[in-house]
Amino acid sequence: MSAMSPVVGLKGLVEAGAVAEPVDQGSIWAEGIVYLPGTDSLRWSDIPNNRIMQHYLGTGVSSIYASHVEFTNGRTLDRDGSVLQCSHGRRRIERDRDGVVTPVVESWGGVPFNSPNDLVVAPDGTIWFTDPPYGIIFPREGHPGKREYGDHYVFRHDTATGETRAAILDVEEPNGLAFSPDGSTVYVADSSALTGSAEHSGNARIRAYDVDGARCKNGRTFVTMEVGVPDGLRVDMNGNVWTSAGDGVHVYSAEGIKLGTVPIPETVANLCFGGDDGRMLFIAASTTIYRLQTATTDVNLIRQSA
Ligand code: MG
């Protein structure tokens, strides 16, 4: 690990001169990080090791939470405190409640998904997830497979009715996603530059859509990344977008104005807010989990503690 650099910009969000510090260094490729308030711990996927890790902040101890997990990726808390996660290998969204894993949604239109990558619970309680091809085309993150419905969509699953809809169809390879605090906008990372395919343009940008229930309209490019591709992202309580990038975490206002950067010496895959007051930013960056004290938090944490 090379020397850490202090944050750039982020006035009012992070103390000037602050530096992210390592929490755990035992992964090959850490992804899908979530903070679990009940145990004051972090849980994340170590995708190439096909395992799930957990770190207890109180003791500073990390352990393997589960092995042979069929390549879990993105992860989030549901409103009841259970953990929702994506599985590349099982090509589904699943729920972990106290270590018991059950399927939530496994198919759409009678065919399997590609390899669900990341997910979030919308303000209306529905589960939104992205379905790029990485787990069926890259051997270290899943099993070889076909695109059964022939594309890569963003889906919305309503657990109350069991209905699954394709909500966004025009992102080449949707990856991380997050809602604005009021739920009126959804941000979706397009990381299609990862595959470098001749069949598409190869994007490294975040798209934004107006949301009305299951309908998404007025799709536009929110930002084009300066370094690397966008993977996981989060929106803070004031609507600022904190996105993973090739050289750290980049932060943009809701208007798309760059507010600053948290430099990280490894590729960042995902991030989450958490800790005692919800204001600690945890960053899953390849081999290392970092933390950085901020002055803000995730609106989802506020909702859950309400
Ligand atoms: Mg991802």
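Which residue's side chain meets that of Glu-106 in a salt bridge? The partner is Arg-92, at 3.6 Å from N to O. The views below come from a predicted model: local features need pLDDT of at least 70, side-chain atom pairs count only at pLDDT 80 or more, and totals for chains, interfaces and linings use all residues. Residues are numbered from 1 along each chain as its sequence is written, and side-chain values use heavy atoms, with hydrogens and water left out.

**View 1. Salt bridges join Arg-90, Arg-92, Glu-94 and Glu-106 into one network through shared partners.** A salt bridge here is a side-chain nitrogen of Lys or Arg within 4 Å of a carboxyl oxygen of Asp or Glu. Arg-92 also meets Glu-94, at 2.7 Å from N to O. Arg-92 and Glu-94 are both buried (under 20% relative accessible area; exposed is over 50%, partly exposed in between, with a 1.4 Å probe and protein chains only). Glu-106 is partly exposed, at 43% relative accessibility.

**View 2. Arg-43 and Asp-96 form a salt bridge between distant parts of the chain.** Their closest N and O atoms are 3.8 Å apart. Arg-43 lies in strand 4 and Asp-96 in strand 9, 53 residues apart. Strands (E, at least two residues) are DSSP runs, numbered from the N terminus. Both Arg-43 and Asp-96 are buried.

**View 3. Four strands form an open antiparallel sheet in the order 7-8-9-10.** Strands pair if DSSP finds at least two bridges between them. Strand 7 (72–77) and strand 10 (100–105) are the edges, each pairing on one side only. Five bridges join strand 9 to strand 10. Arg-95 stands opposite Thr-102 in strand 10.

**View 4. Asn-117, Asn-175 and Asp-231 coordinate the magnesium ion.** The distances run from 2.1 to 2.2 Å. Donors are N, O and S atoms within 2.8 Å of the metal (3.2 Å for Na, K and Ca); water is not among the atoms, so sites may look incomplete. Asn-117 lies in a loop and Asn-175 in strand 17, so the pair ties together parts 58 residues apart in sequence. Asn-117 is buried, at 3% relative accessibility. Asn-175 is buried too, at 2%.

**View 5. The largest nonpolar core holds 19 residues.** Such a core is a set of buried Ala, Val, Leu, Ile, Met, Phe, Trp, Tyr and Cys residues joined through side-chain atoms within 4.5 Å. Val-14, Trp-242 and Val-249 are among those that touch the most other members. Strand 26 gives the largest share, three residues. Apart from this core lies another, of 15 residues, including Tyr-187 and Leu-233.
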